[in-house]
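Hi,

Here is the structure I promised to pass on. Have a look at it first, and then read my notes below.

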Amino acid sequence: DDTRSGYLADENATLALGARIANAMQPGMTVFLEGDLGAGKTTLTRGILRGMGFAGRVKSPTYTLVEPYAVSNLNLYHFDLYRFQDPMEWVDAGFRDYFNPHSICLIEWADKAAGLLPTADWTIRLTPFEDGRNIEIQAHTEHGKACLAQLAL
Ligand code: ADP
Ligand code: MG
């Protein structure tokens, strides 16, 4: 199946799912994180990084566009493109090279850089529901489908 969905009752549930997602992910993956401001995209990223063994601070890359992390023999790049405007900046900063078989890229507000990004292996959508969040993970590529099959949600 190409879609998984579930309910995250609180922030700890989001962090815990992040750790399970970390186990299912593989190098080379591109993941779009969708949902409004405050939906939990950065919180989920924090859970993924914790799950990969990263013990440091995970801050929102709202002003820097990207925050790089070196974890368990791979590079994870966390993008927040909310303030992204200039495609030349993308080229000049060399962001294209961040998408490679040895990295994982998680991208908030990917629509702001439409046309510059590779096809997402997964789209993860977070939506407020009651006091928590609904989450839906959709796989778009063969690689993404294989990884999603490893995920218990
Ligand atoms: P985004 O990156 O999508 O803008 P953040 O992760 O920065 O959102 O903020 C999400 C907010 O929602 C945080 O205050 C966090 O504590 C809270 N939160 C995260 N997951 C849940 C959840 N499952 N239920 C309720 N609140 C949550
Ligand atoms: Mg965020």
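Is T45 buried or exposed? Keep in mind that this is a predicted model. T45 is buried, because its relative accessible area is 0%, which is below the 20% cut-off for that label. The residue sits in helix 2, which spans residues 41–51. Leaving aside residues up to four places away in sequence, T45 touches L33, H78, L106 and E108.

E108 turns up again at the metal. The magnesium ion (ligand 2) is coordinated by T42 through OG1 and by E108 through OE, at 2.1 to 2.3 Å. This pair links distant parts of the chain: T42 belongs to helix 2 and E108 to strand 5 (residues 103–108), 66 residues apart. Both T42 and E108 are buried.

Now to ligand 1. There are 17 residues around it, and E11, T14, G38, K41 and T43 come nearest. Some polar contacts to look at:

- G38: a backbone N or O atom lies 2.8 Å from an oxygen atom of ligand 1.
- R133: a polar side-chain atom lies 3.0 Å from an oxygen atom of ligand 1.
- E108: a polar side-chain atom lies 3.3 Å from an oxygen atom of ligand 1.

On its own, ligand 1 exposes 580 Å², and the protein buries 74% of that.

As for the shell around ligand 1, helix 1 (11–24), helix 2 and strand 7 (132–139) each supply at least two residues. Helix 2 gives the most, with 3 residues. By type, the shell comprises 7 charged, 6 polar and 4 nonpolar residues.

Best wishes

Conventions:
Residues are numbered from 1 along each chain as its sequence is written. Chains are lettered from A and ligands numbered from 1 in the order in which they are written. This is a predicted model: local features need pLDDT of at least 70, side-chain atom pairs count only at pLDDT 80 or more; totals for chains, interfaces and linings use all residues. Side-chain values use heavy atoms; hydrogens and water are left out. Helices (H or I, at least four residues) and strands (E, at least two) are DSSP runs, numbered from the N terminus. Buried means under 20% relative accessible area, exposed over 50%, partly exposed in between (1.4 Å probe, protein chains only). Contact means heavy atoms within 4.5 Å. Donors are N, O and S atoms within 2.8 Å of the metal (3.2 Å for Na, K and Ca); water is not among the atoms, so sites may look incomplete. A residue is near a molecule or strand if one of its heavy atoms lies within 4 Å of it. A polar contact is a pair of N or O atoms within 3.5 Å; within protein, one must be able to donate a hydrogen and the other to accept it, and residues adjacent in sequence count only if both atoms are side-chain atoms. Accessible areas come from the Shrake-Rupley method with a 1.4 Å probe; for residues, only the protein chains shown count as cover. Ala, Val, Leu, Ile, Met, Phe, Trp, Tyr, Cys and Pro count as nonpolar, Asp, Glu, Lys and Arg as charged, and the others, Gly among them, as polar.
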